[in-house]
Amino acid sequence: MATGLGEFLRSLRRGLVQGEQNSPARGDTQVREFARVRRRRDDTSMPTPLQREPCKTRPVFELCAKGSHGRYMERLPSEIILKIFSFLDAFSLFNISFVNKQFHDLANSNALWSVLYASEIEKKMWRPRVSMIKEAVSSTIVEEKPAGYWKKLLLKEMAGYKDTMWKTELKHMNPHTGMPALTEHVLRRLHIQWEITLTNRHGRESVYEQTHTFFEDSSVTVCWSQGAWPCMYTVNSLQLHGIMCPASPAPGDKPRWRSLIRKTALQRTGHCSFFGADRLVKVLQFDKGIIVGLWRGNWKIAFIMVNLHFHKLIERSLLGSRFCPYLPADDNAVDLDYSRHGYTLHIVLHNPVQRIMCQRFSPLYTRRVMSQGEFVQLIAIDFANVSEHVPVTKFSLPWQAQGLQGEVERCCMMTLTVLDEAQRPFWCVSSTVKMYRRQRVLDLENEGEQFIVLYGDAEGKVKMTFVWMEEFQHYFLVQLVTMFPTAKVKRHFSGEC
């Protein structure tokens, strides 16, 4: 074939030369240049066996720079793109849906996710039912389901929605606290941890792993004190995520699933208050019980602490997404008459090292107060009844960071659980609290300096009064009152409001 091509080019050259001689007036210079180019091609048209013609390549960016010729993916039919997507795993398919709108629509196809769901079911330790596999791969069933149905089903399987083992374990309740008795055991068995993500002004994120946890009967305190911390004024927001860590992580493991628990804007002054200080750090308190310790003088973060209540903690740490928290389903409402019967109040005061006080009060009966709107009040300890007063050890919040340690006085963590007569959670609080000197002193038999602890949110309020007894070197809790809006009571018991 090469010999025939060379012979053709030579005859073409002879024809061009003859044409040049017959018509010299038709652009002698252009014809001569054209003949020279053809002669050069003729000389290189038949390479020798030892000579290889060089391969000319063009960079990809030069091809993409020529307008529509670079947008080859947009010009591909949807069927071809779906065929390419069918070779991806669930993690890659989920990520590629964020490239553009076309990829988002195609990557959420039920046809792709139904196949992935069927393969995920086959990986289970138990043998799946044949009907389940047929339902997953049947084209008729796939098309009948709404968009995103099989994707959500697969993500639920991968995130542990169907792990009936830990759900069964959480059914055993602690009669003292009203919370699942095996919460700590399940958290440790599933290797659940918590991460802090700080976002600066430019949108850059920094992730910090937990360094210390302290478990109580109804809460866990998580501390972060290691890493290269930024200055406080450069951080815009803080996100708390729950993650399930592998028992033996490998270098090639994919990023772990993150479930958003809380998100707080750190630059909004309305969400921040001064909490306490010692000679090394000053502590700021943000909404939802997040405290941040700052080094004195440079506003650089030293540590972060969060107190998490056990109520739905495992679900919140696993079943949310990176951007949306887990929203539990509403429990079935009960008769409103139950709201007039006995409540149970369980309260724990502690710090990240030890327990300060733990008390349980039951039954408690409600009464309405109209001082600041319509509220329902529960009085657990009455200052007039001396027999109800409870001794409490010294309040403090110890901390440790970068080889240094200290202690902030007159502040601690509070975990409060209010149960209704059916022992269902009515109000769960897990936050930091601080003692203030009481301005209006109560008329008590015991003389001593009086302090008050106040907590309040949209769901309720807590008020505690303490008296410092110098001769015993102890505080005494002489008053404990909780208040709830009547709208919350109606919503909990009858579904109204």
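Is Lys-488 buried or exposed? Keep that one in mind, everyone, and thanks for coming.

A few words on the ground rules. This is a predicted model, so to speak of local features we need pLDDT of at least 70, and side-chain atom pairs count only at pLDDT 80 or more, while totals for chains, interfaces and linings use all residues. Residues are numbered from 1 along each chain as its sequence is written, and side-chain values use heavy atoms, with hydrogens and water left out.

Let's start with confidence. The predictor's confidence in each residue, pLDDT, runs from 0 to 100. For the protein chain the mean is 79, and 72% of the residues reach 70 or more. Residues 44–53 have pLDDT below 50, and beyond near neighbours in sequence this stretch has five contacts in the model, a contact being heavy atoms within 4.5 Å. Residues 125–130 also stay under 50, with four contacts beyond four places in sequence. Where pLDDT is low, the predicted coordinates should not be read in detail.

Now the overall picture. The protein chain holds 14 helices and 22 strands; these are DSSP runs, numbered from the N terminus, with helices (H or I) of at least four residues and strands (E) of at least two. Of its 497 residues, 41% are buried, where buried means under 20% relative accessible area, exposed over 50%, and partly exposed in between, using a 1.4 Å probe and protein chains only. Among contacts with a separation of 6 or more, 57% link residues 24 or more positions apart.

Back to my opening question. Lys-488 is buried, because its relative accessible area is 9%. This lysine sits in helix H14, residues 486–494. Leaving aside residues up to four places away in sequence, Lys-488 touches Phe-426, Trp-427 and Glu-459.

Next, the cores. A nonpolar core here is a set of buried Ala, Val, Leu, Ile, Met, Phe, Trp, Tyr and Cys residues joined through side-chain atoms within 4.5 Å. The largest has 37 residues, and Met-464 and Phe-466 touch the most other members. Strand E19, residues 425–437, gives the largest share of this core, with five residues. A second, separate core has 36 residues, including Trp-166 and Trp-194. As for Phe-466, its contacts beyond four places in sequence include Leu-349, Phe-395, Met-435 and Val-453.

Two of those names come up again in the strands. Two strands pair if DSSP finds at least two bridges between them. E19 runs antiparallel to strand E20, residues 449–456, with three bridges, and Met-435 stands opposite Val-453 in E20. E19 also runs antiparallel to strand E18, residues 411–419, this time through nine bridges. One of the pairs there is Cys-411 with Lys-434 in E19. The hairpin of E18 and E19 has five residues between the strands, and Gln-423 takes a positive phi near 60 degrees.

Elsewhere, four strands form an open antiparallel sheet in the order E2-E1-E5-E6. Strands E2 (205–209) and E6 (258–265) are the edges, each pairing on one side only. Inside this sheet, strand E5, residues 235–244, is joined to E6 by seven bridges, and Ser-237 stands opposite Ala-265 in E6.

That's my tour, so please do have a look at Lys-488 among its contacts Phe-426, Trp-427 and Glu-459. Happy to chat!
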